[in-house]
Amino acid sequence: MQINIERLLVDLEKYAKYGESLEGGITRPSFSQADKLVRELFINELEDMGLAVTIDGAANTWGRLKGSGKKEGCLVIGSHLDSVPNGGKYDGPLGVLTAKEVIRTLIENGIILDHDVEIVSFTAEESNDFNLSTFGSRAYTGKLTKTALEDVRDSKGNFLKDQLREVGGSLENFPEMERSFKEKKGFIELHIEQGKRLESKNISVAVVDKVVGMYRSRVRVNGQANHSGTTMMEHRKDALTAAAEIILHIEHICKSEKNDLVGTVGKLHVFPNATNIIPGMVEFTFEIRGDSEEQIQTVVKKIQDNWMQIANERKVEIEEKVFLNQSPIILDSEIVSVLQNTAEELNEPYLTLSSMAVHDAAHMASVTKSAMIFVKSKDGKSHCSEEYSSPEDIRKAGNLMLHALIHLDKQLD
Ligand SMILES: [Zn+2]
């Protein structure tokens with residue numbers, strides 16, 4: 001039994017029409033007009049397939065296929081349908097539409113699982129104007145509460161609670177989400193890799209067993225602003241050259257790590273930022289991601305020691321404010337091994353990787369057994385119109401999901 005790849009490709013193109021941007025990509029943030037229309041399409045299609053559709057408090061869309069009733073609860077597959085501005089057609093939709101294709105294949109082949117099977121599309125997974133990425137899965141898993149969201153607005157002043165209501169959600173229905181945790185028996189999210197690890201080994205799929213931990217801080221380098229002409233080189237306390245040296249060292253230290261650890265300075269503010277003034281202060285963001293807590297902490301310490309040394313030499317001062325320190329998330333070993341065994345049974349070479357980005361599965365992991373499948377991304381590109389995964393790679397990943405779901409149904413109580 002195989003998924004119908006042709007039908008899945010047609011689906012991908014169809015969904016990509018919603019929110020098509022002038023620049024050639026897709027702009028479909030949650031709560032936008034394009035999002036509203038795509039939700040309508042999705043709900044109609046699920047109903048046409050005979051699924052029972054529900055919208056929860058966070059406006060996540062769920063479609064349920066009845067099982068034989070021999071086992072309680074449901075196995076969930078899915079991802080998200082929203083996109084970043086001018087994004088691609090695969091990040092999110094590939095997971096949702098492959099899940100839909102898997103369910104269609106089960107129905108067509110008359111296969112009735114012991115558990116119910118549920119497809120989900122989570123609301124606002126991408127960064128958004130409410131500053132709440134992975135909103136739907138965080139809300140669903142109880143990490144965002146009704147009280148905390150009551151006054152949340154976007155940059156235009158719109159209340160989140162009003163936007164939610166427009167797509168069928170409601171803060172009032174948050175407690176109900178919690179009551180549904182125990183009937184979720186497992187979750188598998190299929191997603192594009194968004195990196196080059198699969199491509200560099202020419203392997204189509206990966207089983208994801210961890211989601212990286214993240215350390216983020218704001219670093220301030222205090223030097224001394226002064227006249228750029230009259231202050232001789234040896235009399236300067238240039239905050240920007242100090243920051244530059246620190247940043248290069250961050251790169252160097254991270255590059256010398258063996259495992260998949262990455263470090264980034266993505267945002268920099270120079271004060272006063274004028275041509276004829278030696279920069280008196282620089283602020284930058286510092287981020288480390290890695291799949292081992294110990295490694296993250298060791299590297300952070302190494303970098304901090306290093307910047308103190310640079311600060312001493314350059315006579316500047318450094319302040320750091322940590323605003324995120326999140327441990328890696330270990331995904332469910334039982335589902336991971338079902339995925340691995342299924343790949344072997346299908347004779348499909350695979351890698352076992354950590355996810356370097358946070359996905360809805362990372363949050364679902366706190367309420368049910370969860371794991372992920374990655375599909376090879378061309379040139380490692382995502383969040384841009386050039387996102388691409390080949391039909392062949394998608395077909396393999398879809399079949400892996402289909403057969404793993406059947407195995408999981410047998411294995412789980
Ligand atoms: Zn995504």
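Predicted model: local features only at pLDDT ≥ 70, side-chain atom pairs only at ≥ 80, totals over all residues.
**View 1. Salt bridge between K161 and E150.** The closest N and O atoms of K161 and E150 are 3.0 Å apart. K161 sits in helix α6, which covers residues 160-166, while E150 is in the loop between α5 (146-149) and α6, so the bridge ties together parts 11 residues apart in sequence. E150 is partly exposed, at 24% relative accessibility.

**View 2. Salt bridge between K184 and E183.** The two side chains meet with an N to O distance of 3.0 Å. K184 is buried because its relative accessibility, 6%, is under the 20% cut-off. E183 counts as partly exposed, with a relative accessible area of 23%.

**View 3. Salt bridge between E245 and R314.** Here the N to O distance is 2.7 Å. E245 belongs to helix α9 (residues 239-255) and R314 to helix α10 (residues 293-314), so this pair ties together parts that are 69 residues apart in sequence.

**View 4. A network of salt bridges.** Side chains of opposite charge can pair when their charged atoms come close. In this view, salt bridges link R7, D11, K14 and E45 with K100, E101, R104 and E108 in a network. Across the whole structure, the search finds 36 salt bridges.

Notes:
Residues numbered from 1 in each chain as written. Heavy atoms only, no water. Salt bridge = Lys/Arg side-chain N within 4 Å of Asp/Glu carboxyl O. Helix = DSSP H or I, 4+ residues; strand = E, 2+ residues; numbered from the N terminus. Buried < 20%, exposed > 50% of the residue type's maximum accessible area, 1.4 Å probe, protein only.
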